Amino acid sequence: MLSDKVANIPPFYVMEVLERAQQLEEEGRDIIHLEIGEPDFPTASHICDAAKEAMCAGNTKYTHSQGLIELRQAISRNYKGRFDVDVDPAQIIVTSGTSSAMLLLFLAMIDAGDEIIMSNPHYACYPNFVRTAGGVPDFIYTNEDNGFMLQADDLAAHINSETKAILINSPSNPTGQVLSAETLMEIAQVAGDVPIISDEIYQGLVYEGEDHTILEYTDNAFVLNGFSKLYAMTGWRLGYLISPKKYIRTLQKVQQNLFISTNTFVQYAGIAALEGPQEQTQEMVRTYNERRLYLIGRLREIGFDIRNEPKGAYYVLADARKFGEESLALSRQILEDIGVAITPGIDFGQGAEGHLRFSYANSLENIKEGMDRLEKYLM
Ligand SMILES: Cc1ncc(COP(=O)(O)O)c(C=O)c1O
């Protein structure tokens, strides 16, 4: 009954770990959550107020399929203010999360057999989005030796007549690496006429180096972005797609048919997030950095190998081969035995096998408890 496209879709392991951890909690176990990439902070109150006000003022109908013009103008001002790039609000489609933007784009872009180049390790869901749209992920393996960075030479060697786009993600989930201006420029040069899809959802969560958008280096790019991470708004489901103008009309028609529009009052919350006070966001970034440094130190003491310190997002991808070659078995064993939930590297592709991904979107106190348990268990 089910299509071949989804018959063999793998699970999103981080969700499997979370669901098992929750089951253990229901049985009375005390679990430390270092698996899920979800901010532990509440959404700022001025953002919640904006949604409440919008709802109570009767903003509960469909919006323009591309999203409220005020939100699109705010996004445009945001890109101008941070990166000095011009994004016309007409180039933006507001979506229910970055995930919906990705689905919209891949469905609109991919014909059967088209290849999408991406690094491996990669965000767990990328290949599954591509396959669901009928495409084929074309992996470029990265590793500790090249700092988990996509290399321009490898990219050039992979581009062929089937290549539809190159997907990049900086700051990266799971590696926490941030692509430099030089690397982004090189990627844009090598890509030539092949469009780049840049998932910029962890923008703003950069602790060393500089934040960039691909739009500083090329116009032949689609940007995926959203409010889940920087603004601690995972459950609100708000994101957007920025597209070259020539494709917008078609993308708009796909959006109209598949989704109609995105939640209206949530879009008002998005305006408040971008244009309201930023102190709470800045405080979250400072706190993540403190946790990052602590977590890297403790993991190294326990014996995990971290050759490339993560500089952005809120993940540490640690080489765990000293403790076990199979990351799924190792993470299961750790969860069952000592109640620490960690994501197995294999969730992010074969390139992260033998690794574990630790999320520091949890309090320092919980991270410390998780590390104490691991230290006793593994050392
Ligand atoms: C790299 C990356 N892209 C996209 C998403 C999906 O985010 P959203 O909540 O906006 O759908 C995630 C979520 O973890 C992610 O890590």
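Where is the place of Pro-171? In this predicted model, Pro-171 is found in the loop between β5 (163-169) and α8 (181-191). Its peptide bond with Ser-170 is cis. Omega there is about -10°.

A cis peptide bond also joins Asn-120 and Pro-121. In this case omega is about 10°. Pro-121 belongs to the loop that runs between β3 (115-120) and α6 (126-132).

A further backbone feature concerns Ile-260. Its phi is near 65°. That value is positive, and the residue is not glycine. Ile-260 lies in a loop as well, between α9 (245-258) and α10 (264-275).

The overall fold was examined next. The secondary structure of the protein chain consists of 13 helices and twelve strands. The C-alpha trace spans about 60 × 50 × 50 Å along its principal axes. The radius of gyration of the protein chain is 20 Å. A compact globule of 379 residues would have a value near 21 Å, so the chain agrees with that expectation.

The ligand site was then described. The ligand sits in the largest pocket. Around the ligand are 14 residues. Those that come nearest are Ser-99, Asp-199, Tyr-202, Ser-228 and Lys-229. By class, the shell holds five nonpolar, six polar and three charged residues. Helix α5 (residues 98-109) supplies the largest share of this shell, with three residues.

For Ser-99, one of the nearest residues, the distance from a polar side-chain atom to a ligand oxygen is 2.6 Å. Ser-228 is also among the nearest residues. A polar atom of the Ser-228 side chain lies 2.7 Å from an oxygen atom of the ligand. Arg-237 likewise places a polar side-chain atom 2.7 Å from a ligand oxygen. On its own, the ligand has 390 Å² of accessible area, and the protein covers 93% of it.

In summary, the predicted model shows a chain of 13 helices and twelve strands, with its ligand in the largest pocket.

Note on methods:
Residues are numbered from 1 along each chain as its sequence is written. This is a predicted model: local features need pLDDT of at least 70, side-chain atom pairs count only at pLDDT 80 or more; totals for chains, interfaces and linings use all residues. Side-chain values use heavy atoms; hydrogens and water are left out. A residue is near a molecule or strand if one of its heavy atoms lies within 4 Å of it. A polar contact is a pair of N or O atoms within 3.5 Å; within protein, one must be able to donate a hydrogen and the other to accept it, and residues adjacent in sequence count only if both atoms are side-chain atoms. Accessible areas come from the Shrake-Rupley method with a 1.4 Å probe; for residues, only the protein chains shown count as cover. On a 1 Å grid over the protein atoms alone, a cavity is a set of points where a 1.4 Å probe fits but cannot get out, and a pocket is an open set with protein on both sides within 12 Å along at least five of seven lines; lining residues have an atom within 4 Å of a point. A molecule sits in a cavity or pocket if more than half of its atoms lie within 2 Å of its grid points. Helices (H or I, at least four residues) and strands (E, at least two) are DSSP runs, numbered from the N terminus. Ala, Val, Leu, Ile, Met, Phe, Trp, Tyr, Cys and Pro count as nonpolar, Asp, Glu, Lys and Arg as charged, and the others, Gly among them, as polar. The radius of gyration is taken over C-alpha atoms; the globule rule is 2.2 Å times the number of residues to the power 0.38.
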